[in-house]
Amino acid sequence: MPTAIFGSIEAGAIYALMALGVYLSFRILDFPDLTVDGSFVTGASVAAVMIVGGYNPFFATIAAMLAGFAAGCLTGLLHTKGKINALLSGILMMIALYSINLRIMGKSNVPLLSEETAMTKLTEFWQGLGIDHAIQSLTAALGMSFVPKTWGILILMLILALAVKVLIDLFLKTDVGLAIRATGDNETMIRSFSADTDILKIFGLGISNALVAFSGALVAQYNGFSDVGMGIGMIIIGLASVIIGEAIFGAKTIVRATLAVIGGAILYRIIVTLALRVEFLETGDMKLITAVIVISALILPKLIQQQKEKQRKRRRLLEAKKNQASNAYGKSGEQLAAIKSDS
Amino acid sequence: MLTGKVVNSLLQLNQIHKVFNEGTPDEKIALHRIHLQLKPGDFMTVIGSNGAGKSTLMNMISGKLIPDMGDVLIDGSDVTLVKEHKRSKLIGRVFQDPMAGTAPSMTIEENLAIAYSRTMTRGLRKGVSKKRRDFFREKLEMLHLGLENRLSAKVGLLSGGERQALSLLMATFTEPKILLLDEHTAALDPARAELITNLTKEIVETYKLTTLMVTHNMQQALDLGNRLIMMDKGQIIFETNEQQKQNLTVEKLLEEFQKIRGEKMSSDKAVLI
């Protein structure tokens, strides 16, 4: 059990980068970008093919990001210059990328198990630091029997996700960042303040998909393969992370919202892991579980809010009635008591 | 006199013509060979009934629409084909809808930062620096609404009047060449409308802005500005200079309209006043 949870936090931190990308398009630009399903795999395949081809895995990961950036820009171009509906331009890119990803890999699956990847390099680096040993003696002293292979990936990926989060926070506070936010918020307004909303959308979608491809490249190296089908439903996972995160951790400010997205991504992985442990659920039910999670994250907060509102109103009504009653009957005890017991 | 005119005009519209739905049964001449000149510091109010072409005229100047014929010149340079967002480096705009001029999910200072960078190329500079914040606070004090103490409040939380006052400030504090006000008090209650009208007067005088204001309110059109035009069916049917405008009343304007058009305007009267 702890091993499974540990693994889901590790994976969650890597998927958090993708979720941050989805946050940029979905929340900041107000653009439901389905390119994600394709660009995630584009990132994975570019990185995988380059690593197999002998390139430095870090360099391969950066190249994957650039490929994702290009894919996002193309979606933006379809939408702004081609005047194609937002959803449709994303779907078109997603479909087109499926074939492109197959072309990049040359086959439907590229294994990386025997290759030197960013993950193996980072693990090596981490083990050289000797921190694992310290943590393990600490957990042993606390009486925990659980010993993972290394803490390195978990900690380094969390640091990476937080670093990207901070960069996004800072970027969204620059002049360009403010203009991108305003583009998603009020296009008429930002155009009257001399911003080219087309360029901002294209650029914003580029950045968003660069993050998604970054995440895809790391997931491929983490899992040890790149597969043409690994992106199916990725946008929903991204949305789930954003929505769960915002519902639980709040989204009052950008700084808080981006942190919530990372939390949401990790939480999503944990929920899925726990759900799969339920007897009658199978691995194939994953997508259904995801859909159920997103639906509940969308509906539950509203229901809770409504319930609270109802109760508040009822209490107010009850109090008003009580006051009325005591005014009408003065303090003559029996009648008041009778009314009280009625309500 | 003639040569002086050309050099001195900050905004010049030459023979602007625009037809909507050309070649269909719905064909409509929105603007009919409009000629208009604003000298630096001119404040012109534009009145006219619905469909007179006031908004189309505004959209021609802002670049949202491109004329079928004619040129738009701002400060002597031809901007007829310059795109809306590029042209807005020169133009400040306030819309009728108080929600249209600000970004609701962003804070007051962030909105002001967006307005502040209107005249420059946006880069990776910090949007709200300490220096800018002080500057914003100082400008917000002009509004007398206490917004200077709520810099980090989200604009969506402000009332319609406050949002419109903020829009007005955002459109003007970078001193645009031209200020376009499109019925910017029409969606407010009378008290708020008066507040915005007074602010408009104050701000335009402070920055000596060359302004074009569309309004449905005749009294407002007479109270504000030094020039007035009346539009109908895509044409300017009545124009006053500074001295004439001072002696005008709402009744005289209505009389003028009847005389020119020769038709009863009882239906329009309700719209205009």
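The exercises below work through a predicted model with chains A and B.

**Exercise 1. Describe the overall build of chain A: how many helices and strands does chain A have, and which domains are assigned?**

Step 1. Chain A contains 14 helices and 2 strands.

Step 2. Its C-alpha trace spans about 95 × 65 × 40 Å along the principal axes.

Step 3. The domain assignment gives domain 1 (2–277) and domain 2 (302–342). Taken over C-alpha atoms, the centres of these two domains of chain A are separated by 53 Å.

Step 4. Of the 343 residues of chain A, 45% count as buried. Among contacts in chain A with a separation of 6 or more, 78% are between residues 24 or more positions apart.

**Exercise 2. Decide whether A:Val46 is buried or exposed, and find which residues A:Val46 touches.**

Step 1. Locate the residue: A:Val46 lies in helix H2 (residues 36–52) of chain A.

Step 2. Apply the cut-off: a residue is buried if 20 or more other C-beta atoms lie within 10 Å of its own. A:Val46 counts as buried because it has 27 C-beta neighbours inside 10 Å.

Step 3. List the contacts. Leaving aside residues up to four places away in sequence, A:Val46 touches A:Ala63, A:Ala64, A:Ala67, A:Ile104 and A:Ala217.

Step 4. Take one of these pairs: A:Val46 and A:Ala63 are 17 residues apart in sequence, and their C-alpha atoms are 7.2 Å apart in space.

**Exercise 3. Explain why helix H8 of chain A is described as largely enclosed, and state what covers its buried residues.**

Step 1. Helix H8 (residues 175–185) of chain A has 11 of its 11 residues buried, so the rest of the structure largely encloses it. Among the buried residues are A:Val176, A:Leu178, A:Ile180 and A:Arg181.

Step 2. The cover from chain A includes helix H1 (2–28), helix H7 (152–171), helix H9 (187–191) and helix H10 (197–223). Chain B also takes part, through helix H4 (108–116).

Step 3. Turn to the interface, where 20 residues of chain A are in contact with 25 residues of chain B. On the chain A side, the elements giving two or more residues are H8 and H9. The largest share of that side, 8 residues, comes from H8(A).

**Exercise 4. Identify which residues have the most contacts inside the largest nonpolar core.**

Step 1. The largest nonpolar core has 167 residues, and those with the most contacts inside it are A:Ile14, A:Ala16, A:Ala19, A:Ala47 and A:Val261. H10(A) supplies the largest share of this core, 15 residues.

Step 2. Follow one of them: beyond four places in sequence, A:Ala19 touches A:Gly238, A:Ser241, A:Val242, A:Val261, A:Gly264 and A:Ala265.

**Exercise 5. For the open sheet of chain B, give the strand order and say which strands stand at the edges.**

Step 1. The sheet has 4 strands in the order E2-E1-E4-E5, with antiparallel pairing.

Step 2. Strand E2 (28–38) and strand E5 (77–78) of chain B each have a single partner strand, so one side of each lacks a neighbour in the sheet.

Step 3. Strand E4 (residues 69–74) of chain B pairs with E5(B) over 2 bridges in the antiparallel sense. B:Leu73 has B:Asp78 in E5(B) as its bridge partner.

Step 4. Helix H2 (residues 54–62) of chain B packs on the sheet and touches strand E1 (11–20), E2 and E4 of chain B. The direction of this helix makes about 60° with that of E2(B).

Notes. Residues are numbered from 1 along each chain as its sequence is written. Chains are lettered from A and ligands numbered from 1 in the order in which they are written. This is a predicted model: local features need pLDDT of at least 70, side-chain atom pairs count only at pLDDT 80 or more; totals for chains, interfaces and linings use all residues. A residue is buried if 20 or more other C-beta atoms lie within 10 Å of its own, exposed if 12 or fewer, and partly exposed in between; C-beta atoms are placed from the backbone. Two residues are in contact if their C-beta atoms, placed from the backbone, lie within 7 Å. Two strands pair if DSSP finds at least two bridges between them. Axes are lines fitted to C-alpha atoms, for helices over the stretch in contact, and angles run from 0 to 180 degrees between N-to-C directions. Domain bounds come from an automatic or database domain assignment. A nonpolar core is a set of buried Ala, Val, Leu, Ile, Met, Phe, Trp, Tyr and Cys residues joined through C-beta atoms within 7 Å.
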